[in-house]
Amino acid sequence: MNSVAVEVLRYRPETEEEPSFEVFDVPYEDNWMVLDAINHIKDQMDGTLSYRWACRMGVCGSCGMMVNGKPVLTCATYVEDVLPGPVRVEPLRGFPVVRDLVTDIRDFMVKLQRVKPWIIREEEKPLAEGEYLQTPEELQDYKQYSMCINCMLCYAACPIYELDPEFIGPAAIALAQRYNLDSRDQGREERMDVLSQHDGMWGCTFVGDCSVVCPKKVDPAGAIQRYKLDATVDWFRSALMPWRKR
Amino acid sequence: MAKALNASYRRYHPKWHRERVPIFWWVRSASYIKFMCRELTSLFVAYAAGLLLVQVWALGQGAAAHARLLNWLSHPAVVTGHVVLLATLLFHTVTWLNLTPQALVLRLGRWRVPKAVVWVGHYAVWLVLSLVIVWLFVGVA
């Protein structure tokens with residue numbers, strides 16, 4: 001059986017002022033994921049290691065970590081792909097660390113709510129009129145953005161969020177765009193009011209790494225630029241035709 | 001042996017660690033470096049735009065002023081600088097044009113124009129405009 005050195009960032013606030021790396025020599029099998037190696041450390045070497053994980057199949061978005069400096073889902077990253085080692089595992093960048101590899105994600109949860117990621121209707125039609133129908137083309141308009149699993153890898157890849165934690169961030173804007181582009185939704189203006197603030201879409205300088213690291217190919221960077229374009233068109237419309245509704 | 005307790009730790013009051021952002025954060029990856037180069041080259045774009053305005057201004061001042069400017073522009077050091085300027089302008093233009101398909105979604109009726117067409121379209125417009133400018137200069141000469 002092969003083995004690899006795994007450097008894990010440890011932070012135990014009750015005994016340490018600063019985090020430090022602890023090295024584990026982990027035996028691994030073919031086709032092991034990085035998460036398998038971390039689980040091996042927890043099960044066989046040091047049960048006090050703290051981290052999040054759940055589904056093990058790239059759906060829940062819980063096991064995002066920095067592996068060799070890149071934000072990845074550890075359940076979807078082969079150990080073989082990060083060899084020869086040592087493999088450095090750290091908590092997601094840009095978030096406060098609670099313990100070891102566990103970050104405090106409340107900031108993201110608050111921001112997500114601010115963009116109202118749900119269908120907003122000015123008036124609901126009566127149930128008797130049936131469901132809101134949608135064509136396959138209308139579904140395609142937003143489907144890409146609906147694939148977001150809230151794993152926050154895009155936040156960890158975004159230097160703007162790291163430099164200015166007020167920035168509302170890639171996933172929140174992509175999810176706002178997901179609902180804006182939904183033919184059943186009527187909440188575009190409400191979301192624009194939130195995202196046109198100083199901490200909204202204009203904070204993005206289009207580094208583009210959020211789209212590179214996204215495990216679901218959501219392309220948050222593209223969503224943000226589209227949002228900027230929409231906002232610019234809105235502004236010109238309101239300036240040139242003030243009598244027209246946005 | 002149990003480790004000594006951290007004096008600043010208070011039980012049930014989480015003490016988060018927030019990593020300080022290093023001043024050279026942008027050398028972490030090739031994509032960050034490319035991004036910074038793209039942003040910095042906008043200064044050269046501003047210089048090129050300013051130079052164009054100065055040329056128009058010199059033309060307005062008469063033949064002598066324009067000749068003085070041309071004389072300065074033909075100095076070897078200035079020519080060398082402007083070759084570097086051209087390289088930065090090309091880098092700025094190419095990096096931005098390559099990003100356009102991500103930002104621009106075009107529709108013709110129900111048909112979504114493919115990203116490749118948006119990309120090629122921008123380069124085609126750039127090429128046509130450049131050829132028009134070259135034609136104007138050659139025509140004047």
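User: Which residue is the bridge partner of A:Met66 in strand 4 of chain A?

Analyst: A:Pro71 is that partner. The model is predicted: local features need pLDDT of at least 70, side-chain atom pairs count only at pLDDT 80 or more, and totals for chains, interfaces and linings use all residues. Residues are numbered from 1 along each chain as its sequence is written, chains are lettered from A and ligands numbered from 1 in the order in which they are written, and side-chain values use heavy atoms, without hydrogens or water.

User: What makes strand 3 and strand 4 of chain A a pair?

Analyst: Four bridges join these two antiparallel strands. Two strands pair if DSSP finds at least two bridges between them. Strand 3 and strand 4 of chain A therefore pair. Their hairpin has two residues between the strands, and A:Asn68 takes a positive phi near 50° there.

User: How many bridges join strand 1 of chain A to strand 5 of chain A?

Analyst: Three, and these strands run parallel. A:Val6 stands opposite A:Val87 in strand 5. A:Val8 has A:Val89 as its bridge partner in strand 5.

User: Why are strand 2 and strand 4 of chain A at the edges?

Analyst: The open sheet has five strands in the order 2-1-5-3-4, with mixed pairing. Strand 2 (20-28) and strand 4 (70-73) of chain A each have a single partner strand, so one side of each has no neighbour in the sheet. The twist from one strand to the next averages 35°. Axes are lines fitted to C-alpha atoms, for helices over the stretch in contact, and angles run from 0 to 180 degrees between N-to-C directions.

User: Which strands does helix 1 of chain A lie across?

Analyst: Helix 1 (residues 34-45) of chain A lies across strand 1, strand 2, strand 3 and strand 5 of chain A. Its angle to strand 2 is about 100°.

User: Why is B:Thr41 called buried?

Analyst: Buried means under 20% relative accessible area, exposed over 50%, and partly exposed in between (1.4 Å probe, protein chains only). B:Thr41 has 7%, so it counts as buried. B:Thr41 is in helix 1 of chain B. Leaving aside neighbours within four places in sequence, B:Thr41 is in contact (heavy atoms within 4.5 Å) with B:Thr88, B:Phe91 and B:His92.

User: Is B:Thr88 buried or exposed?

Analyst: Buried: its relative accessible area is 13%. B:Thr88 lies in helix 3 (residues 76-103) of chain B. Beyond four places in sequence, B:Thr88 is in contact with B:Thr41 and B:Phe44.

User: How do you know what span is expected of helix 1 of chain B?

Analyst: The expected span is 1.5 Å times one less than the number of residues. Helix 1 of chain B has 32 residues and reaches 47 Å from first C-alpha to last, close to the expected 46 Å. B:Gly62 follows the helix, with a positive phi near 115°.

User: What covers the buried residues of helix 1 of chain B?

Analyst: The cover includes helix 4, helix 5 and helix 8 of chain A, together with helix 2 and helix 3 of chain B. Among the buried residues are B:Tyr32, B:Phe35 and B:Leu51.

User: How many residues of chain A are in contact with chain B, and what area is buried?

Analyst: 36 residues of chain A are in contact with 28 residues of chain B. The area buried between the chains is about 2,900 Å². Buried area is the accessible area (1.4 Å probe) that two parts lose on being put together, summed over both. Carbon and sulfur atoms give 50% of the area. A:Glu14, A:Glu162 and A:Phe206 supply 18% of what chain A buries against chain B, more than any other three residues.
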